[in-house]
Structures are given as C-alpha cells and as structure tokens.
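Reader: I have the sequence and the model open side by side. Could you walk me through some of it, beginning with a pair of facing strand residues?

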Amino acid sequence: MAKTHNLKATQRNRSGSSLLKQMRREGLVPAVIYGKDQENQNIKVDAKEFWDLLHHSASESILVNLDIEGTQRLALIQDVQHDAIKGETVHVDFLAVDEKAEITAVLPVEIEGNAPGIKAGGLLDVQLHDLEITCLPQDLPEVLKVDVSSLELGQALHISEITFPAGVTPTLDGGVVVALITEPRVKEADADEAAEVEVINEKAAE
C-alpha cells in the first residue's frame, strides 16, 4: 500500500503577480488542483508544511490527502516550481486521482547490491537516476530499488531485467540500460603509455 500524506489547503481567490508575492510573504504557497472532467481549482497550502513534506520524501511524486476546507481529495504532486536563487517553493500543481485509475509518476532509482564487476576493478555507471512508471495509486512506491549484484565487468542491466514491485510497470522500452560496469580508465591510460614506450624502444633500436 502506497504511503499517503495529509495536507491542508484552502481556496485561493487572489491572482496576479503582486498578490501572489504577498501570499508567499505570508508563508503560503499558491497551488492548483486539476484532473479529468473537472475544472481547475486554485488553492494555497502552508509553506512550512509543504517543505516538511518534500524533505521527508524520496521524490516529489507524492500522494497526498488534500483537505480543502473540509473536502477530501486524493492527489498526486505533479509539478513543483522552486525559486532559482532561494530554492523556496513558489507554486505547486496537484493532479486529482482516482483510486481505481492508473497514474504516471517519475521515481528515483536506488542502487542496491555489490556487483562482482566492481570487486574486479570495474566502475559502476548509472545511466538512469530516475524512471517513469505507471501503477494504481495504492501501488505507488517511494523509490525503485535496482539490484546490481549480478553484474560482472563489462555487463549491463536493462529495464527488462529489473524486478519491479507488484502492479508497477515502466514506460520505457525494456532494452534501455539502467546501469553497467565499465573498465577503469586508468587501465586505458596504462595501455597507451605502454604503447608509447614500445614505439620509443623500437626507434632506439633502429
């Protein structure tokens, strides 16, 4: 069962850049909730509560039980806009979801396991740090755990080889590489140096 978080919100009637800036100075974050077959609803949430929610979650794809002045709405955080300088949240988009309808979310990839290829001197190269998936709201995980313990030197792990949680389906093709074990670059440098020495020795012999 996916973890949901409770968040209070109130309706927002104010609009315009100056009024929105005033709202942020009051410790509130302007937001909107929208969904299929329903009108957009402008709301506002407490900035500190929302900050705490984000910083105690592994990603921004979070399911919330929005309490909008007594009306309960299940929603997925769809987009979070941050101030480029201060890093503060300046606007949030919530997507109203149906418990029985699939949702699409982008989740962080969490690498697990000790790859034999690393013990052999290889380097782990993670190609995808997050991955888009579809699932029912109740099946939404916080992160996608990827086990690399089977990877030998020179091997790659593809999406089709990952064991996803029940009910979770990736949207990318199964042939996409998630992680691979590469040869260390220092060996390439040593090989180049050895080749240069060999050429020098050949010239000296002439």
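Author: Val109 stands opposite Leu144, a residue of β10. The two strands involved, β7 (residues 103–112) and β10, pair in the parallel sense over four bridges, where pairing requires that DSSP finds at least two bridges between two strands. Strands here are DSSP runs of E with at least two residues, helices are runs of H or I with at least four, and both are numbered from the N terminus.

Reader: Before I go on, what kind of model is this, and how are residues numbered?

Author: This is a predicted model, in which local features need pLDDT of at least 70 and side-chain atom pairs count only at pLDDT 80 or more, while totals for chains, interfaces and linings use all residues. Residues are numbered from 1 along each chain as its sequence is written, and side-chain values use heavy atoms, with hydrogens and water left out.

Reader: Okay, and what is the strand order in the sheet with β10?

Author: The order is β10-β7-β9-β12, an open sheet of four strands with mixed pairing. Because β10 (144–147) and β12 (169–170) each have a single partner strand, they stand at the edges, and one side of each is left without a neighbour in the sheet.

Reader: How does β12 pair with β9, parallel or antiparallel?

Author: Strand β9 (residues 130–135) and β12 pair in the antiparallel sense, over two bridges, and Thr134 stands opposite Thr169 of β12.

Reader: Switching to helices, which residues of α2 are buried?

Author: In α2 (residues 47–55), the buried residues are Phe50, Leu53 and Leu54, buried being under 20% relative accessible area, exposed over 50% and partly exposed in between, with a 1.4 Å probe and protein chains only. Seen down the helix axis, these buried residues fall within an arc of 95°, so they line one face of α2; the arc is that of the directions from the axis to the C-beta atoms. Lys48 and His55, on the other side of α2, are exposed.

Reader: What covers that buried face, then?

Author: The cover over the buried residues of α2 includes β1 (4–11), β3 (38–46), β4 (63–68), β5 (71–82) and β6 (89–96).

Reader: And what does the side chain of Asp46 do at the start of α2?

Author: A side-chain oxygen of Asp46 reaches to within 3.1 Å of the backbone nitrogen of Lys48.

Reader: Last one: how many helices and strands are in the chain?

Author: The chain has four helices and 13 strands, and buried residues make up 33% of its 206 residues.

Note on methods: Contact = heavy atoms within 4.5 Å. Polar contact = N/O pair within 3.5 Å; in protein donor to acceptor, adjacent residues only side chain to side chain.
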